[in-house]
Amino acid sequence: MSHDHNPQAGQMGDESMARNLAHQADAIWPQEQRLFDRYDLSAGARILDLGCGTGRIANPLAADGHAVVAVDNSEAMLARVVGAETVLGDVRSLDLGRQLDAVLALSNLINHPERSHRLDLLRVCHETLGHDGVIVGER
């Protein structure tokens, strides 16, 4: 997997970093869950988590019964995702070939310094999102 688009990719794929992030995710989720409750996603909603990392969001959403597709460019990170379909790949060129109910573009994805990267990300969100779907972005 090429890491040209993420200068920290080597460090992020490190096992100790993945373990650290997984523990942080467990501690943070109770506060984040209230934010996701606002979107009133129906039971079993189909959710795409772009740049999912260790599953900070994907794991608890899958545990709540949602059909989550978790995408990341790090095998070490994806190894920590539980209960979701995992896809190893670049979020900028993702083509699932199906539409989902919600797309999560969290963490540093939307804040990438290159405009072309942000536009590619938004294109993937648009192509993946169903007619009445929602994009959840973090700035």
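Reader: Why is Asp120 called partly exposed?

Author: This is a predicted model, and in it Asp120 has a relative accessible area of 24%. Buried means under 20% and exposed means over 50%, so 24% falls in between and Asp120 counts as partly exposed.

Reader: What makes Arg92 buried?

Author: Just set its value against the cut-off. Arg92 has a relative accessible area of 14%, and buried means under 20%. So Arg92 is buried.

Reader: How do you know that Arg92 forms a salt bridge with Asp120?

Author: Look at the gap. The closest N and O atoms of Arg92 and Asp120 are 3.5 Å apart, and a salt bridge needs a side-chain nitrogen of Lys or Arg within 4 Å of a carboxyl oxygen of Asp or Glu. The 3.5 Å gap passes, so the pair is a salt bridge.

Reader: What makes this a link between distant parts of the chain?

Author: Check where the two partners sit. Arg92 is in the loop between strand 3 (85-88) and strand 4 (100-105), while Asp120 is in helix 5 (residues 115-128). They are 28 residues apart.

Reader: Why does the pair of Arg92 and Asp90 count as a salt bridge?

Author: Here the closest N and O atoms are 3.8 Å apart. The cut-off is within 4 Å, so this pair counts too. As for Asp90, its relative accessibility is 24%, so it is partly exposed.

Reader: Which residues make up the network of salt bridges?

Author: Asp90, Arg92 and Asp120 are linked in it. Arg92 pairs with Asp90 and also with Asp120.

Reader: What does the rest of the protein chain look like?

Author: The chain has 5 helices and 5 strands. From the N terminus, they run α-α-β-α-β-α-β-β-α-β. Of its 139 residues, 42% are buried.

Technical notes. Residues numbered from 1 in each chain as written. Predicted model: local features only at pLDDT ≥ 70, side-chain atom pairs only at ≥ 80, totals over all residues. Heavy atoms only, no water. Helix = DSSP H or I, 4+ residues; strand = E, 2+ residues; numbered from the N terminus. Buried < 20%, exposed > 50% of the residue type's maximum accessible area, 1.4 Å probe, protein only.
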